[in-house]
Amino acid sequence: MDRERQLQADAWIGDAVLALWARLQIVRTDRVVDGPKFLRMTSNQFLAAFGEPTAVEAQIGRAYRDGGEAAAFAWIEEKIAPLFARQEEKRLRGKGLRRGL
């Protein structure tokens, strides 16, 4: 498989893994289905903070390919989750809300 096709394949898998992680995280922490939050977590606009979105998704896909769900989720939790949490806290403060209240 040529390099571009491999990147797309890895990104396709990474996108699915990120979507699963995001949905599990939202249900686990918020105990609701929150479509808008899911979109904020997985959007290309958000992923662009880490690099080209396809390349970021491909990194997730490679982590999954190399180490399974646990490795991919660990990668997301180390690289992506902290920035999302900071952005979400800032967004909630701007609305006069605080997480957990």
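**Figure 1. Arg91 and Glu88 in helix H5 of the predicted model.** At 27% relative accessibility, Arg91 is classed as partly exposed. Its partner in a salt bridge is Glu88, with an N to O distance of 3.0 Å. Glu88 is buried, its relative accessible area being 9%. Helix H5 spans residues 81–94, and because Arg91 and Glu88 lie 3 residues apart in this helix, about one helical turn separates them.

**Figure 2. The salt bridge between Asp10 and Arg62.** The closest N and O atoms of Asp10 and Arg62 are 3.5 Å apart. Asp10 is buried, with 5% relative accessible area, whereas Arg62 is partly exposed at 30%.

**Figure 3. The salt bridge between Arg65 and Asp10.** The side chains of Arg65 and Asp10 meet at 2.8 Å, N to O. Here too, distant parts of the chain are linked, as Arg65 lies in helix H4 and Asp10 in helix H1, 55 residues apart.

Figure 4. Asp10 takes part through its salt bridges with Arg62 and with Arg65. Across the whole structure, the search finds 7 salt bridges. In general, side chains of opposite charge can pair when their charged atoms come close.

Notes
Residues are numbered from 1 along each chain as its sequence is written. This is a predicted model: local features need pLDDT of at least 70, side-chain atom pairs count only at pLDDT 80 or more; totals for chains, interfaces and linings use all residues. Side-chain values use heavy atoms; hydrogens and water are left out. A salt bridge is a side-chain nitrogen of Lys or Arg within 4 Å of a carboxyl oxygen of Asp or Glu. Buried means under 20% relative accessible area, exposed over 50%, partly exposed in between (1.4 Å probe, protein chains only). Helices (H or I, at least four residues) and strands (E, at least two) are DSSP runs, numbered from the N terminus.
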